Amino acid sequence: MDSLALFFTGALLAGGIYWFVCVLGPAEQKGKRAVDLSGGSISAENVQDNYDQYWSFFRRPKEIETTEKVPDFVDTFYNLVTDIYEWGWGQSFHFSPSVPGKSHSEATRLHEEMAVDLINVKPGDRILDVGCGVGGPMRAIAAHSRAKVVGITINDYQVNRARTHNKKAGLDSLCEVVQGNFLEMPFPENSFDGAYSIEATCHAPKLEEVYAEIFRVLKPGSLYVSYEWVTTDKYKDSDPEHVEVIQGIERGDALPGLRSYTDIAETARKVGFEVVKEKDLAKPPARPWWTRLKMGRIAYWRNHIVVTVLSAVGIAPKGTVDVHEMLFKTADYLTKGGDSGIFTPMHMILCRKPEKKTETASNS
């Protein structure tokens, strides 16, 4: 009887672990399982060292302000966090306003579709996704618009993940993914019918440089829309609590420095864009975008236990627990930024590249 009880206890425990890891564990998009967590392109034995290296960037603030340092810094970050993002959040690495009666994934899709609707593209047009990640927005936008989307990301691991997802979704004929630096894009001038970036250009050390590149590759008359991470008019750099929150967001999201909302349109005009519209999409009547972070606290602790166990038994790389903990702390700073109104991840700017002026002959 004791042996039978022990057997059933063991079976129940094994079933519970399987349910905890394999059923509760996957992301809502079922894109990544907990048992498959990795360090991206970083070998398992080097994940901890790369995490320590990432964190050391913030002890040398002058280095992360220089263009040549930032790409490696951002690439390291996305090697560390991509699998955890997919597992715990989904395939779209961004926020969206809460929508009554809609799930998080539905609200995310609507937010993405709005971006492509704003740039007025037609089926068959070729458009650019600047900082595409693993391609969640790309697939939603391609399916919605039937435009051909070319995404660029600096992280080679994300390229492979995005291509896998594109093929699985049956959208690989509309979605192309390129590995590269959006500060020096491998595309010719005047080659895209439109462009968008969703919470991606915040990684650029100088916004002017990425906007200038986007301007270069757009055809004259084409539109570009961006959802930018910025501090708002409520942010006071004289308030220590405000400064702590913004620095916490910067450290936990590989940002060389958050910009003020006042910088965005000025920068766009500086590189030659006409500003068509500018709006903070997080302002009322929009529902709070950070609600999802608050609701995810139980999921975080569940996931943290999973990560700790998997790391302890050698399935997840050493260092994964530290990365997961960093992201939880960052979520707390993001929530405080949203609650206080000093930060928004969706300051929308819609721009147009002017039409070329026709030259008239002056021989008379």
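**Entry 1: a histidine in a loop**

I started at His 203, which sits in the loop between β4 and α7 (207–217). The model is predicted. Is His 203 buried or exposed? I looked up its relative accessible area and found 8%. The cut-off for buried is under 20%, so His 203 is buried. Next I checked its side chain. A polar contact of 2.8 Å links it to the side chain of Tyr 78. I then listed what His 203 touches, skipping residues up to four places away in sequence. The list holds Val 70, Val 74, Tyr 78, Phe 182, Asp 253, Ala 254, Leu 255 and Pro 256.

Helix α3 covers residues 70–88, and helix α6 covers residues 156–168. Their axes are 9 Å apart, at an angle of about 35°.

**Entry 2: a serine in a strand**

I moved to Ser 197, in strand β4. Its relative accessible area is 1%. That is under the 20% cut-off, so Ser 197 is buried. What does Ser 197 contact, leaving aside neighbours within four places in sequence? I found Val 130, Tyr 224, Val 225, Ser 226 and Tyr 227. I also checked Pro 137, which is 60 residues away along the chain. The C-alpha atoms of Ser 197 and Pro 137 are 9.6 Å apart.

**Entry 3: helix α4**

Helix α4 runs over residues 104–118 and has 15 residues. From first C-alpha to last it reaches 21 Å, close to the 21 Å expected. I listed its buried residues: Ala 107, Thr 108, His 111, Glu 112, Glu 113, Ala 115, Val 116 and Leu 118. What covers them? The cover includes β1 (126–130), α5 (136–145), β4 (192–198), β5 (218–231), α10 (291–295) and β8 (343–352). After α4 comes Asn 120, with a positive phi near 55°.

**Entry 4: a threonine and a lysine**

Thr 267 lies in helix α9, residues 262–270. It is buried, at a relative accessible area of 14%. Its side chain reaches the backbone oxygen of Asp 263 at 2.7 Å. Beyond its neighbours within four places in sequence, Thr 267 is in contact with Leu 207, Glu 208 and Tyr 211.

Lys 329 belongs to helix α12, residues 320–340. Its relative accessible area is 49%, so I wrote it down as partly exposed. Ile 249 is 80 residues from Lys 329 along the chain, yet their C-alpha atoms are separated by 9.0 Å.

**Entry 5: the whole chain**

Last, I looked up the totals. The protein chain has 12 helices and 8 strands. Of its 364 residues, 53% are buried. I then turned to contacts between residues at least 6 apart in sequence: 79% of them join residues at least 24 apart. The accessible surface comes to about 17,300 Å². Carbon and sulfur atoms account for 53% of that surface.

Conventions
Residues numbered from 1 in each chain as written. Predicted model: local features only at pLDDT ≥ 70, side-chain atom pairs only at ≥ 80, totals over all residues. Heavy atoms only, no water. Helix = DSSP H or I, 4+ residues; strand = E, 2+ residues; numbered from the N terminus. Expected span 1.5 Å × (residues − 1). Buried < 20%, exposed > 50% of the residue type's maximum accessible area, 1.4 Å probe, protein only. Contact = heavy atoms within 4.5 Å. Axes fitted to C-alpha atoms, helices over the stretch in contact; angles between N-to-C directions. Polar contact = N/O pair within 3.5 Å; in protein donor to acceptor, adjacent residues only side chain to side chain. Areas by Shrake-Rupley, 256 points an atom, 1.4 Å probe, with all protein chains shown as cover.
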